[in-house]
Amino acid sequence: MATKTIPPDLLWRLAPLRDELNEGADRWVNQAPDGFMGAEWALFGSMVLLLHGLRERVSDVDVFVEPSLWVGLSGGLNWNVKLPRSDDPPFLERNVGGFGVHAFYRWTQRDPWVNADRCRTEAEKVDGWNCTPLELIREHKAGAWGHNPGSVLHEKHAADVRAIDARLAVRDTERPDEPREKLPNPTDYHGGGTMRVRDTEQEP
């Protein structure tokens, strides 16, 4: 597997964010109803790719948080509540170490295939950070790339899908006995396109 090239000061600059999320989870999520499962928060998007060595830089940081944690953070001085489009939920925003951080309890309705709860409950530890699994990041990228065909964003999502596929293929060879699910092709969402993607079948 390729050596990761994470900028040496990046995680240090973002460490206060991880500390705040963990402390907030201890304070607010412990008051949540019985039966709570999974991580109280999980990184999403480009930051996850960076931690896996699939990106060299990020411009901002997205994180999914458990609703009780979101409410607790929203009452603090560090976070600003932002109201996007009328059919999307509010999110929190602040600056940490020079990075814009956005905290969501639910994702935009324009990407209905993104399930914030699943991203958290299936989170994996990467360098001490709770991260949405690569398979779910890939599902988001495969679904979102068709929104702006021919645009820079379109090409970015396509490149991310190819990079994730390559990493998952390596992982499959390292874990041959683990079941693998069929990953969606971008055409499953948008009915067209020519991007080649990994297509594996569920093993018995």
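# A guided tour of the predicted model

Begin by selecting helix H1 (residues 10–28) together with helix H3 (residues 67–74): their axes lie 9 Å apart and the two helices pack at an angle of about 110 degrees. H1 is therefore roughly perpendicular to H3, since angles of 65 to 115 degrees count as such. What is on display is a predicted model.

**The contact of H1 with H3**

Display the side chains where these helices meet. On the H1 side, select Glu 20, Leu 21, Gly 24, Ala 25 and Trp 28; on the H3 side, select Ser 68, Leu 69, Gly 72 and Leu 73. Sorted by class, the contact of H1 with H3 holds five nonpolar residues, three polar residues and one charged residue.

**The whole chain**

Now zoom out and colour the chain by secondary structure. There are seven helices and seven strands, and read from the N terminus the elements follow the order α-β-α-β-α-β-β-β-α-β-β-α-α-α. The chain has 204 residues, of which 45% count as buried. Among the contacts with a separation of 6 or more, 64% are between residues 24 or more positions apart.

Next, colour by confidence. The mean pLDDT of the chain is 79, with 72% of the residues at 70 or more. Select residues 179–204, where the pLDDT is below 50; this stretch has 63 contacts in the model beyond near neighbours in sequence.

**Aromatic pairs**

How many aromatic pairs does the count come to? The count comes to eight aromatic pairs. For one of them, select Phe 44 and Trp 107: the ring centres are 5.1 Å apart and the planes stand at 70 degrees, so this pair is edge-to-face. Phe 44 belongs to strand E1 (residues 41–44), whereas Trp 107 is in the loop between strand E5 (99–104) and helix H4 (116–121); the pair thus links distant parts of the chain, 63 residues apart. Are Phe 44 and Trp 107 buried or exposed? Both Phe 44 and Trp 107 are buried.

Move on to Trp 70 and Tyr 105, another edge-to-face aromatic pair, with 5.1 Å from centre to centre and 80 degrees between the planes. This pair also links distant parts of the chain: Trp 70 is in helix H3 and Tyr 105 in the loop between E5 and H4, 35 residues apart. Trp 70 has a relative accessibility of 9% and so counts as buried. Tyr 105, at 26%, counts as partly exposed.

To complete this stop, select Phe 44, Phe 64, Phe 91, Phe 104 and Trp 107, which ring pairs link into a cluster.

Select Leu 49, which is in helix H2 (residues 46–51). With a relative accessibility of 1%, Leu 49 counts as buried, because the cut-off for buried is under 20%. Show the residues around Leu 49: leaving out those up to four places away in sequence, Leu 49 touches Leu 54, Arg 55, Leu 134, Ile 137, Lys 141, Asp 160 and Ile 164. Draw a distance from Leu 49 to Ile 164: the C-alpha atoms are 8.2 Å apart, although the two residues are separated by 115 residues along the chain.

From Leu 134, continue along helix H5 (residues 134–144). How many of the residues of H5 are buried? H5 is mostly covered, with 11 of its 11 residues buried. The buried residues in H5 include the charged Glu 135, Arg 138, Glu 139 and Lys 141.

**Gly 100 in strand E5**

Return to strand E5 and select Gly 100. At 22% relative accessibility, Gly 100 counts as partly exposed. Apart from neighbours within four places in sequence, Gly 100 is in contact with Ser 59, Asp 60, Val 61, Arg 94 and Asn 95.

**Asp 127**

For the last stop, select Asp 127, in the loop between strand E6 (124–126) and strand E7 (129–131). Most residues other than glycine have a negative phi. Asp 127, although not a glycine, has a positive phi of about 50 degrees. The relative accessible area of Asp 127 is 41%, which means that the residue is partly exposed.

How values were computed: Residues numbered from 1 in each chain as written. Heavy atoms only, no water. pLDDT = per-residue confidence, 0-100. Contact = heavy atoms within 4.5 Å. Axes fitted to C-alpha atoms, helices over the stretch in contact; angles between N-to-C directions. Helix = DSSP H or I, 4+ residues; strand = E, 2+ residues; numbered from the N terminus. Parallel < 35°, antiparallel > 145°, perpendicular 65-115°, else oblique. Phe/Tyr/Trp six-rings, centres within 6.5 Å; stacked < 30°, edge-to-face > 60°. Buried < 20%, exposed > 50% of the residue type's maximum accessible area, 1.4 Å probe, protein only.
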